[in-house]
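Hello,

Here is the structure I promised to hand over. Please have a look, then read my notes below.

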Amino acid sequence: MVTIKDVAKKAEVSSATVSRVLNKDYTLQVSEDTRQRIIVAAKALGYRKGGIRSKRPVDTEIVKKNVGLLITCSEQLEFSDPYFLSIRQGIEQECVKQNINVSKIFRLMDESEHAIDSNELDGLFVIGKVHNELLNHLTRMKQVISVDYMIDDKFDSVMIDLQKATSQAIHHLIALGHRKIGYIGGISYIRKINGRCYAMDIRQLEYEAIMKEAGYYNPKHIFVGEWRTEEGYALMRQALEQDDRPTAFLIGSDPMAIAALKAVSEFKFKVPEDISIVSFDDIPFASFVTPPLTTIKVFSEEMGRTAVKLMVDRFNGREIPLHVTIPTNLVIRNSCGSDSGSTSVDLLNSDAMS
């Protein structure tokens, strides 16, 4: 329950001033700026005037939990590749529903290191790949939920099964008759105390394993750079400059795939007639580009919301760690040449990998 005291604190005025403004006491000598600041603060906190005042003492009011976000990418990368942004938005939206306050956001970059004061926070969400040693170095907080990576068995985690999703995407291309399948993706890192260490992305690992097993593997068909939109364009150009170019590509993210479409067009090739493309994420733009992208739909907002629900469960006393895997769907559109419309295939119930 939001009180006048809460509104006063947010608006940085006295409780008496808040009371008189919200009760429309225009005899109060206060600037219009202050008046508007109080009104905005009250709306932001969801304050409602009650007809009957509660007689319970102030110290028995429900205390809102404070949590922090530890994010392993820059704001620029977060906005250029909506995957991490969508996870954060899911966390923030569910926190509002659960009456939890996101009071701190930390960005773990190479050039900076933040000590996280566990006295100020009741819980911490970690978005991205962070090594357990680094997390223990930054904080001794027990209520930690990791999203996109399993830090340690003792912490809850929310992930997607990238291995299974990648397998479905590649087998879909093989089923369409492709044998020369290229891979375009990014370099993955795990943040550690002494910087960051390289870790081959699960999509690339699974791609190589499947192509080797099928007898189609060609190391010259692998193109890896940074997880940035413009890299999709540059890497596709490299691929198309080869004499023995692939007839299909698995691309690690929709933003990189959209940029790759531009490179294909510049080389006077057509998608899907000359080159088929399957990517990951199913961002809103994926269905509006020409041709619309066949892509693995990742429910990234739901990953964030699920993380908050796990945190609430922890606050309520659960001690056993849980590791939740959110399913994905293969959304078939025109970029792979197998469909003139759009179909969604449930990854968990599909036989496409056989």
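**Sheet and helices**

K65 stands opposite I100 in strand 2. Strand 1 (residues 65-71) and strand 2 pair in the parallel sense over seven bridges; pairing takes at least two DSSP bridges between two strands. Helices (H or I, at least four residues) and strands (E, at least two) are DSSP runs, numbered from the N terminus.

This is a predicted model: local features need pLDDT of at least 70, side-chain atom pairs pLDDT 80 or more, while totals for chains, interfaces and linings use all residues. Numbering starts from 1 along each chain as its sequence is written, and side-chain values use heavy atoms, without hydrogens or water.

The open sheet has six strands in the order 2-1-3-4-5-13, with parallel pairing. Strand 2 (100-107) and strand 13 (323-326) are the edges; each has a single partner strand, so one side of each lacks a neighbour in the sheet.

Helix 2 (residues 15-22) and helix 3 (residues 32-45) have axes that come within 10 Å and cross at roughly 85°. Axes are lines fitted to C-alpha atoms, for helices over the stretch in contact, with angles from 0 to 180 degrees between N-to-C directions. That makes helix 2 roughly perpendicular (65 to 115 degrees) to helix 3. T17, V18, V21 and L22 in helix 2 meet R35, I38 and A42 in helix 3, contact being heavy atoms within 4.5 Å.

Helix 5 (residues 82-97) has 16 residues and should span 22 Å at 1.5 Å a residue; its end C-alpha atoms are 22 Å apart, which agrees. The expected span is 1.5 Å times one less than the number of residues. Just after helix 5, N99 takes a positive phi of about 60°.

Best wishes

Terms used:
Parallel < 35°, antiparallel > 145°, perpendicular 65-115°, else oblique.
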